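Trainee: I would like a close look at one part of this model. Please walk me through it.

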Amino acid sequence: MDSTEWKIGQYPLHVLVLAANVKGIAVPVYFRIYTHKGVLSEKERIGFIRKSLSVIDLRDKLLIADREFIGKDWFDFLSKNRIDFLIRLRKGIYQQWVDLECKQYEKLQKRALKKAYAQAQFTLEKQPYRLEVYRNENQSEKEPLLYLLTNRLKEKRTGKQYGKRWKIEYCFKHLNEYCFKHLKTNGFNLQQVAFQDTNKIRLLISFVIVAYILAIEQGILQEKQNPVRHIRFANGKKYRSVSIFRDGLQKLKEKLTYLVDFRTYLFKLTPKETTILKIV
């Protein structure tokens, strides 16, 4: 789950998106537009999830989100609706509750710096949570530790899954912001459209998301048939020479020259073909 602020023409928007992680790619499955800047309130976020539940079953799924998605009422709502979450915290957030029950916030930090991991359980508004503290492997001087909060208590080290946010290709432009990079500037140029009516913008974004998903779906199929070459970088890691999105979009352009081709292509698609279509 993430959000980003856009401008469609000169019209400011705040877009909140729920995306599924498919093969390291963020695939949007639900979104909503807000016509104001700044962090969304707990009430707005709760309303967003409540509406998404009418079309998506989030029970027992793991919702991963960043530091702006915090709040007692928000956590309580997710827990009561059986939605597991893993959310990053700023240093010191909820320290008083951790210290109240186990008096070891400072010890947690020292242990995490020394052993790379530490955890403590505490109760907030009668709901049990676990604070997991990890040593930042990026060796950041400003943030030597990562603080993660989860309500998935049966699983050990739930925080390891937070790395999926860093691996997701295509979601916004900061931290995991690469999914809508293509919708904004890197393929569809959505920000250049001059619409000012919210409903028109919502419809336009919906069409573009469908096109994005079809490109990803085609890219995954293409990867199975004709894998692209990978380039080894100085850090020793290998990366695709062409992204799945770019590869899939190019193949769609080649196959769908006319509208009748696109219609035929859509009719042939079935939910059994790919994981993405099953999710969507």
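Over residues 168–179, where does pLDDT stay, and how many contacts beyond four places in sequence does the model have for them?

Mentor: This is a predicted model. Over residues 168–179, pLDDT stays under 50. The model still has 47 contacts beyond four places in sequence for that stretch. Treat those contacts with care: where pLDDT is low, the predicted coordinates should not be read in detail. Residues 273–280 also stay under 50, with 23 such contacts in the model. For the protein, the mean pLDDT is 79. At 70 or more stand 81% of its residues.

Now set that stretch beside two helix pairs. Two packed helices are described by the angle between their axes and the distance between the axes.

Take helix H7 (residues 198–225) and helix H8 (residues 244–255). Their axes come within 7 Å and cross at roughly 100 degrees. Angles of 65 to 115 degrees count as roughly perpendicular, so H7 is roughly perpendicular to H8. H7 contributes residues including Ala 211, Leu 214 and Ile 220 to the contact. Among those from H8 are Phe 245, Leu 249 and Leu 252. The residues of this contact of H7 with H8 divide into 10 nonpolar, 4 polar and 3 charged.

Then helix H1 (residues 42–52) and helix H2 (residues 72–80). Their axes come within 9 Å and cross at roughly 15 degrees. That makes H1 roughly parallel to H2. The crossing is right-handed. Arg 45 and Ile 49 are among the H1 residues in the contact, and Trp 74 and Phe 77 among those of H2. The contact of H1 with H2 has 5 nonpolar, no polar and 5 charged residues.

How values were computed: Residues are numbered from 1 along each chain as its sequence is written. This is a predicted model: local features need pLDDT of at least 70, side-chain atom pairs count only at pLDDT 80 or more; totals for chains, interfaces and linings use all residues. Side-chain values use heavy atoms; hydrogens and water are left out. Axes are lines fitted to C-alpha atoms, for helices over the stretch in contact, and angles run from 0 to 180 degrees between N-to-C directions. Helices (H or I, at least four residues) and strands (E, at least two) are DSSP runs, numbered from the N terminus. Angles under 35 degrees count as roughly parallel, over 145 as roughly antiparallel, 65 to 115 as roughly perpendicular and the rest as oblique. A crossing is left-handed if the near helix is turned anticlockwise from the far one by less than a right angle, and right-handed if clockwise. Contact means heavy atoms within 4.5 Å. Ala, Val, Leu, Ile, Met, Phe, Trp, Tyr, Cys and Pro count as nonpolar, Asp, Glu, Lys and Arg as charged, and the others, Gly among them, as polar. pLDDT is the predictor's confidence in each residue, from 0 to 100.
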